[in-house]
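Reader: I have a model open and some questions about the terms used for it. Can we go through them one by one?

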Amino acid sequence: MVRRTLLLAAFCSGMAIQVEAAPRPRFKAVAFDYFVIFNPDSVIPAVEREFPGKGQELAKLWRTKLFEYGFLRSITHDHRDFFKVTEDALVYATEAMKLPLAEDAKQRLLQAWLTLEPWPDAAEALQKLKAAGVKIITIANFSPKMLKDNADHAGITLLFDELLSTEVNRTYKPDANAYELGMKHLDLKKSEIVFAAFGGWDAYGAKKFGYTTFWCNRFHQPLEELGTTPDATSTGISGLLRLVLE
């Protein structure tokens with residue numbers, strides 16, 4: 001993008017000063033999946049404390065089953081609060097691994113999903129987007145409580161224009177009605193919004209819906225073989241900033 005310059009009617013030592021303004025963003029808004037900002041693996045230490053030696057395996061199964069349940073409930077139109085779905089997936093995962101799950105342990109593990117750790121590059125990237133005048137929202141399957149508690153815990157709540165949950169219309173991504181929430185809540189055209197995905201399946205869903213799509217491929221996964229390609233990909237948020245701001 002060609003940078004615009006402003007000539008100021010000011011003089012310093014008899015010389016006019018030129019100040020270069022920041023370029024206008026290429027898009028008006030970014031809609032984030034929450035895992036672009038928060039590390040899902042940050043639940044592993046809590047799981048390991050409850051089940052020594054099983055933390056990584058159980059956390060992986062828990063997350064896998066969590067999203068399987070989301071997909072199944074979406075397909076069958078059997079919606080449930082995502083925090084309850086998180087609990088259901090935990091119960092399944094511990095039963096599958098034949099691990100006893102006491103009620104107090106279950107509550108501690110669920111709390112870990114309300115206090116996720118943000119990725120190191122997340123807050124600075126949000127600040128840069130906000131400073132450039134870009135609207136920042138989420139389009140996430142997380143329940144409103146999960147969205148707010150995590151943002152509050154990380155101290156980044158005020159960087160968002162809206163913490164938007166698909167709970168609003170009782171959908172889950174990759175349902176097209178879930179992605180459409182971004183346009184409705186931002187009052188913007190599809191072409192004015194970038195969707196930032198964490199999962200390859202979410203990048204596919206957003207791209208099929210018609211958003212310009214950035215895939216933050218933090219776990220170095222192969223591209224899903226579904227016939228679509230994100231508009232930009234990187235292993236951190238730097239690629240998103242290049243797409244939106246440069």
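**Helix, serine and pocket**

Author: Start with the cover of a helix. β3 (29-32), α5 (122-131), β7 (193-197), β8 (212-216) and β9 (232-234) are among the elements that cover the buried residues of α9. Keep in mind that this is a predicted model.

Reader: What makes α9 a largely enclosed helix?

Author: Count its buried residues. Helix α9 spans residues 238-245, and six of its eight residues are buried, so the rest of the structure largely encloses it. Those buried residues are Gly239, Leu240, Leu241, Leu243, Val244 and Leu245.

Reader: Why is serine 143 called buried?

Author: Its relative accessible area is 2%. Buried means under 20%. Serine 143 is therefore buried.

Reader: Where does serine 143 sit, and what is it in contact with beyond its neighbours within four places in sequence?

Author: Serine 143 lies in the loop between β6 (135-138) and α6 (144-154). Beyond those neighbours, serine 143 contacts Asp81, Phe82, Phe83 and Ser165. Contact here means heavy atoms within 4.5 Å.

Reader: Now the largest pocket. What is its volume, and which residues lie nearest its centre?

Author: The volume is about 560 Å³. The lining has 24 residues, with Arg63, Phe198, Gly199, Gly200 and Trp201 nearest the centre.

Reader: Which helix gives the most to that lining?

Author: α2 does, with six residues. α2 (55-75) and α8 (200-209) each supply at least two.

Reader: How does the lining divide by residue type?

Author: Ten residues are nonpolar, six polar and eight charged. Gly counts as polar here.

Conventions
Residues numbered from 1 in each chain as written. Predicted model: local features only at pLDDT ≥ 70, side-chain atom pairs only at ≥ 80, totals over all residues. Heavy atoms only, no water. 1 Å grid on protein atoms, 1.4 Å probe; cavity = no way out; pocket = protein on both sides within 12 Å on 5 of 7 lines; lining within 4 Å. Points joined across faces, edges and corners; volume = space filled by probe spheres on them. Helix = DSSP H or I, 4+ residues; strand = E, 2+ residues; numbered from the N terminus. Buried < 20%, exposed > 50% of the residue type's maximum accessible area, 1.4 Å probe, protein only.
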